Structure formats: C-alpha cells, structure tokens
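Please look over the sequence and the structure shown here before reading on.

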Amino acid sequence: MYVLASGKGGVGQTTTALSTGIALGRVGYNTVVGDAAIAGLTTMLGSDTGSGVHRILAGIDRINYAVAGGPAGLTVVPGETSTTALDGTERAERDCVVKSLTAAHDVVLVSTGPGIGPLHQDASTRAGGTGLV
C-alpha cells in the first residue's frame, strides 16, 4: 500500500494516485486506488457507486458494493463529500478494509485528504511508501 498525502488540499494527491494507478494497470499490475478524502475519484471518473470507503467503515456497505471499474482495469474505491467522514473510525475497521484491498490487488494506492493528522499517520505506518504531494 502506498499513501499520497499533503499538508493542504488541491495539490494533486488524487490525480497522482489515479495517474500512477492507470500506468501500473497498463503494465499488468492489478491496482486499486482508494480515495480517503473527498470524492475526487468519483468526479474524475464519473464512477459514482453511491458508496465509498466511508460507508464501508461505517458498516453500511460491503466493500464489493463500493468498488467501481476504471481505465486500464483499475479498481476504484470512491471517497466521500466530507473531509471529516473518517473521523471517529477505529483503526481495526480501517485495517479490515486495507487487508481486503491488499489481498485482492498487487498495488493499493490511497489518496488522503488535506493535512497530516492521526489518520494520515495511521495510514502511513501501514504503507510500503508515502508520497508527499
């Protein structure tokens, strides 16, 4: 898992995650891009499933309901319209989603929301790498 983060929003975390995911898909990697921020992937791809990582963590939806297909065989897990939607989720809940995604894909890319807070640090500790955008 690789996390793309930044101290502020609008600097390209989601665009970088999406572009990297498409490039990896084109060379044969089974790749998923998760949007742990606002619904930037949904906007970019027009792939609104009506669900996302936040609804999975809240126990409202199952992960297979939230994922959508993208270009080059990319799998996408859309985000939410609120930048605070992950606040209050437990690490065990987030770990369950990460384990499901890493078990099913060669590469997991996560675009985070603005800031470098506890959720970002939590994701980074599990990541194989963190890119600051």
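## Threonine 14 and its surroundings

Once its neighbours within four places in sequence are set aside, threonine 14 is in contact (heavy atoms within 4.5 Å) with Asp35, Gly40, Leu41, Met44 and Ser111. Threonine 14 belongs to helix 1, where helices (H or I, at least four residues) and strands (E, at least two) are DSSP runs, numbered from the N terminus. With a relative accessibility of 14%, threonine 14 counts as buried, a term that means under 20% relative accessible area, while exposed means over 50% and partly exposed lies in between (1.4 Å probe, protein chains only).

This is a predicted model, in which local features need pLDDT of at least 70 and side-chain atom pairs count only at pLDDT 80 or more, whereas totals for chains, interfaces and linings use all residues. Residues are numbered from 1 along each chain as its sequence is written, and side-chain values use heavy atoms, with hydrogens and water left out.

## Helix 1

Helix 1 covers residues 13-26, and its 14 residues, at 1.5 Å a residue, should span 20 Å, which agrees with the 20 Å between its end C-alpha atoms; the expected span is 1.5 Å times one less than the number of residues. The buried residues of helix 1 are Gln13, Thr14, Ala17, Leu18, Gly21, Ile22 and Gly25. They cover an arc of only 155 degrees around the axis, so they lie on the same side of helix 1, the arc being that of the directions from the helix axis to the C-beta atoms. After helix 1 comes glycine 28, which has a positive phi, near 105 degrees.

## Strand 5 and its partners

Strand 5, made of residues 107-114, is mostly covered, with 7 of its 8 residues buried. Strand 1 (residues 2-6) runs parallel to strand 5 and is joined to it by 4 bridges, and two strands are said to pair if DSSP finds at least two bridges between them. Strand 2 (residues 31-36) also pairs with strand 5 in the parallel sense, over 6 bridges.

Serine 111 in strand 5 stands opposite leucine 4, and aspartate 35 stands opposite serine 111 as well.

## Threonine 75

Threonine 75 lies in strand 4, which consists of residues 75-77, and is buried, with a relative accessible area of 16%. Apart from its neighbours within four places in sequence, threonine 75 is in contact with Thr31, Val32, Val33, Val67, Ala68 and His105. Although threonine 75 and asparagine 30 are 45 residues apart in sequence, their C-alpha atoms are 8.1 Å apart in space.
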